[in-house]
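I opened my notebook to record what I looked up in this structure. My entries follow in the order I made them.

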Amino acid sequence: MPRKKTTRSNGTEDSEVAIAQSLEGLPEGLTTGDLVDSYTNMIMVRTMDERIWALNRQGKVPIAASCQGHEAAQLGSLLAAQKDGRCFLFPYYRDLGLKMAAGLTPTQVMLSFMGKEGEPYSNARQFPLQGADLEHNIIQISNVVGAGLTQAVGYALACKMQDDDTVVLTYFGDGASSQGEAHEAMNFAGVHQLPVIFVCENNHYAISVPQSRQMATDDLASRAQGYGFPGFTVDGMDIVRCYEATREAISHARTQGPVLLEMQVERLMPHTTDDDHLRYRTQEELDSANQRDPVVNFGSDLLARGIITQEKFEAIKAEALQAINEATDVADAANPPDPSTMWGRVYSE
Amino acid sequence: MAVKNVIEAVREALREEMQRDSKVFILGEDVGRRGGVFLATHELIDEFGESRVIDTPLAEASIMGIALGAAFRGMRPIPEVQFSDFIWPAMNQLIGETARACYGTNGALPVPMTIRVPYGGGIRGGLFHSQNVETIFFHTPGLKVVAPATPYDAKGLLKSAIRDNSPVVFLEHKKTYRLVRGELPEEEYTLPIGQADIKRAGENITVVSYGLMLHYCLEAAEAVAGEGIDVEVVDLRTLKPLDKETVLNSVKKTGKLLIVHEDNVTGGVGAEIAALAADEAFEYLDAPVTRLCGPDVPTMPFAQTLEDEYMPNTDKIAQALRKQAAY
């Protein structure tokens, strides 16, 4: 498995949030069973992602933002949060993998994308998987990028006030990092040493605008120095690296304060179903990105290391396809919300 | 009963609610050691500590976003916006996020938050320390908007706002802070949000107002009383939800309606009340519904002459009342 070093923003290896570079085996707390489960989740997410894109072209899904290329970052950090068991998540609009693997069934996800009754986040008042899934400790009330960061910081502040040891993880893209609220959130979190992790899934594009037109630096992690807390850049295409980095960050956040984790990923699909990325990316660039596909590479790795057999590998894919097929049928046949449900709950009832 | 001013009433409400509920906390610029630039939070940090009276960086968007996030965790934040004029950086968090949180989560995330906003002009504040901001919140489903005029109403309504499970924009007119005094009961009380109050009963003309202008309306009503014009003054107290019943009952009784506010006339609260009268009291009206409001210039300017030109005042209101009476 490729092991890119996690580096501090100044380029040196960090001793405090040490990643077990020298370990031959798996990092602390991670079993081969976890890897198989994560791969199974990844395949489920990828199959769902591909399906909703196809359903969009069939006119059954109005809008979707693909997470293809982000799966290792999302599922690796989620795994660390789930193993910790005391984390609360503020994801963003591209976090399909995170939200799904947090505990939703394929049918719930499909109901969401089709805007059907029983949609888990807002009963289809909002874009797919947007609102709150409190059962799985998730809030994402809007897709104004950056707005969730200050809310996550406020949530962490409240946890601290309540003497609760919850760690809050807030996810955002490189695009959101340009928002003033990203600065305000990190600044406040630094001042109050709050238990919050800023997870940037840096896919190097804010819709069509490349990183070079968004910031004058090569990485985001270096910003953390300015807020008085550590920042790290992680290979976001490697689920084990993302798990390790998040696990260490959770520990740091709980005991010492904020961490900025930049997970470098690739966006393999256009911004949304309404975008055409060939207007601003070359085919060569996309081909190169696809060579780094985290799902394909993770599967190959597991096979090469003998963690799963070819038979299991095929079975995981077949089971995912069957589950997504069933979810598609159920959601397609499901009722839309009754028009009367447009009313109410404007205020607390 | 002790006589107190509006700022003292606000402070009493804050102190009592913080004593009552440990989930209540204040955050904002200079609210701690300084006690707020108007001293609304004077000495609260001594009683409740810096964890519940939080001096924030000068960054309004995060004040509001952090308050909202804390509310999601069950706290009852009271963010203070130092001057209404500084609320614009926080507008996404307020209008985009806070107002939509309950609806957008299908009721899963109510927002028990009270946003305290000193507002209004007539204090030589110029374009950036005088603004009226109520109309934008008045227009926004998901928010409640309260704008008291007296110490009694300010205290009772602020306590209710803090206990409310929906976000309340609590507008405190700066000029009333020390100018307006009134009796406050020694015992605990609250006032319901959403109920207007008839501050002066009368038979000939209904005047609807709120905030500082309410007092000018009362003075104008007295000024014309000797001329045989009997004015009923309705204090909205809450702008949203609007107490339609009290307004309509008064209009149906008097047959004439004047609306007075300091905020710009176009698309303002007065326009909505005029539409309400047209919709639901048309057959009772004996004169055109009239608005006496701030003109459509951005804010009352700084120079005294310019500010006076902008502001509705007792004389202007009395003139409008005479015109209505003569119709």
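Entry: I started with B:Thr254, which is buried because 23 other C-beta atoms lie within 10 Å. I noted the cut-offs: a residue is buried if 20 or more other C-beta atoms lie within 10 Å of its own, exposed if 12 or fewer, and partly exposed in between, with C-beta atoms placed from the backbone. This is a predicted model, where local features need pLDDT of at least 70 and side-chain atom pairs count only at pLDDT 80 or more, while totals for chains, interfaces and linings use all residues. Residues are numbered from 1 along each chain as its sequence is written, and chains are lettered from A and ligands numbered from 1 in the order in which they are written.

I then placed B:Thr254 in helix H9 (residues 244-254) of chain B. Helices (H or I, at least four residues) and strands (E, at least two) are DSSP runs, numbered from the N terminus. Which residues is B:Thr254 in contact with, leaving aside its neighbours within four places in sequence? I found B:Glu203, B:Asn204, B:Ile205, B:Thr206 and B:Glu232. Being in contact means that the C-beta atoms of two residues, placed from the backbone, lie within 7 Å. I also looked up B:Asp153, 101 residues from B:Thr254 along the chain. Their C-alpha atoms are separated by 25 Å.

**Entry: helix H10.** Next I checked helix H10 (residues 269-280) of chain B. Its twelve residues should span 16 Å at 1.5 Å a residue, and its end C-alpha atoms are 16 Å apart, so the two agree. The expected span is 1.5 Å times one less than the number of residues.

Which residues of H10(B) are buried? They are B:Val269, B:Gly270, B:Ile273 and B:Ala277. Seen down the axis of H10(B), the buried residues fall within an arc of 100 degrees, so they line one face of the helix. The arc is that of the directions from the helix axis to the C-beta atoms. An α-helix has 3.6 residues a turn, so residues three or four places apart point the same way. On the other side of H10(B), I found B:Ala275, B:Ala278 and B:Asp279 exposed. The cover over the buried residues of H10(B) includes H5, H9 and strand E13 (257-264) of chain B.

Entry: Most residues other than glycine have a negative phi, and most peptide bonds are trans. I looked for exceptions. B:Lys240 and B:Pro241 are joined by a cis peptide bond, with omega about 5 degrees. B:Pro241 sits in the loop between E12 and H9 of chain B.

B:Leu39 is not a glycine, yet its phi is positive, about 70 degrees. I located B:Leu39 in the loop between strand E2 (24-28) and helix H2 (44-48) of chain B. B:Leu39 counts as partly exposed because it has 15 C-beta neighbours inside 10 Å. B:Arg124 also has a positive phi, about 60 degrees, and is not a glycine. Its loop lies between strand E5 (114-119) and H5 of chain B. B:Arg124 counts as partly exposed, with 13 C-beta neighbours inside 10 Å.

**Entry: two domains.** The domain assignment of chain B gives domain 1 (2-184) and domain 2 (197-326). Such bounds come from an automatic or database domain assignment. The centres of the two domains, taken over C-alpha atoms, are separated by 26 Å. I read that 26 residues of domain 1 of chain B are in contact with 25 residues of domain 2 of chain B. By class, the side of domain 1 that touches domain 2 has eleven nonpolar, ten polar and five charged residues. Ala, Val, Leu, Ile, Met, Phe, Trp, Tyr, Cys and Pro count as nonpolar, Asp, Glu, Lys and Arg as charged, and the others, Gly among them, as polar.

**Entry: where the chains touch.** How many residues of chain B are in contact with chain A? I found 33, in contact with 34 residues of chain A. Helix H3 (60-72) and helix H4 (91-104) of chain B each supply at least two residues of the side that touches chain A.

**Entry: whole chains.** Chain B has twelve helices and 14 strands. Of its 327 residues, 60% count as buried. Chain A has eleven helices and ten strands. Of the 349 residues of chain A, 54% count as buried.
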